[in-house]
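Please read these notes alongside the sequence and the coordinates.

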Amino acid sequence: MRRPWPLRHLGLKVLALMLAVLLWMTVAGEETVERGLRVPLELQQFPPGLEIMGEVPTTIDVRVRGGSSVLSRIGTGDVVAVLDLRTARSGQRLFTVTAEQVRVPFGVEVVQILPAAIAMTFEPTATRRVKVVPAVEGHPAPGYVAGPAAADPAMVEIVGPASAVKRATEAMTEPVSVADAREPVREIVSIGMVDPALRLKTPRPATVTVQILPAPLERTVHRRPVRLHNLPPTLAAEAAPTSVDVTLRGNRDALNRMLPDDVTAFVDLSGLGAGEYTLTAHASASQDAGVIRIEPSSVKVRITSAKR
């Protein structure tokens, strides 16, 4: 005998009813709380041919309400504010951020948004070709100076807001170091713009070549005493001649600042015993000037046992 329709599958219906009641009791008994969140602000539907001027907030503050268990599970990226820019046009514009523009998980309600409106200024996109100016840092080896610097490519095309493009006159390279260089320096570096509103139409590196040239001026410091370096305490030594002339090369300011005592002439006696030797003379000066010549270039040294 067939059961009446209300009694069919009675066990399943009773089980479903019990689950529904249990779920309702769980939800009804859960505490409703509010929580403040700082969430990402996404810009969508950006119109072609327009550029944003100035800074645009990347996050906004949102206050949400929901069950304590639901809010406790909210993670990074679960709540996102989306701003539709398809109606944007040139000039200053104000975009309202509503609760409908904030994506939230099921069971979460948006109750407050700060700021409630975002102001933006738009300009038409413009392009222009500008020269590439190499950036050079450091100082060449003493006696040398940095010469002309060239970049390849010499010109690049930049893109950005029309007013910023109009003001731009050059693109800069990443600095190229010429520290202690004695010959031309060549390096592949990045090209960029000082104004963050501008960018290269086609990003590419530049090959920068910096010429390193002998310093233009020379100066001779006369009769610098020859010092005897690394002489063991058990030995004595005499040099002939006892002084030499040292010629330096550098820029005008460095040579004018230099005093005679800034120049040291010496011979190295490391590992030598008693006897007579003809040794190469050396000299050192400040880091801004280089030694290019010593006259005479060699010194006779007589080494004897030290008297007790």
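1. Glu-51 has a relative accessibility of 10% and therefore counts as buried, a word used here for under 20% relative accessible area with a 1.4 Å probe and protein chains only, whereas exposed means over 50% and partly exposed lies in between. This is a predicted model, in which local features need pLDDT of at least 70 and side-chain atom pairs count only at pLDDT 80 or more, while totals for chains, interfaces and linings use all residues. Residues are numbered from 1 along each chain as its sequence is written, and side-chain values use heavy atoms, with hydrogens and water left out.

2. Glu-51 belongs to strand β2, residues 50-53 (strands are DSSP runs of E with at least two residues, numbered from the N terminus). Its side chain makes a polar contact with the side chain of Arg-199 at 3.0 Å; such a contact is a pair of N or O atoms within 3.5 Å, where within protein one must be able to donate a hydrogen and the other to accept it, and residues adjacent in sequence count only if both atoms are side-chain atoms.

3. Glu-123, in strand β8 (residues 117-133), is buried yet has no salt bridge, with the nearest side chain of opposite charge, Arg-167, 6.4 Å away; a salt bridge would require a side-chain nitrogen of Lys or Arg within 4 Å of a carboxyl oxygen of Asp or Glu. The side chain of Glu-123 does make a polar contact, 2.9 Å, with the side chain of Ser-163.

4. Elsewhere, three strands form an open antiparallel sheet in the order β18-β24-β21, pairing being assigned if DSSP finds at least two bridges between two strands. β18 (235-240) and β21 (275-280) are at the edges with a single partner strand each, so one side of each has no neighbour in the sheet.

Conventions
Helices (H or I, at least four residues) and strands (E, at least two) are DSSP runs, numbered from the N terminus. Lys and Arg count as positive and Asp and Glu as negative; His and the chain ends are not counted.
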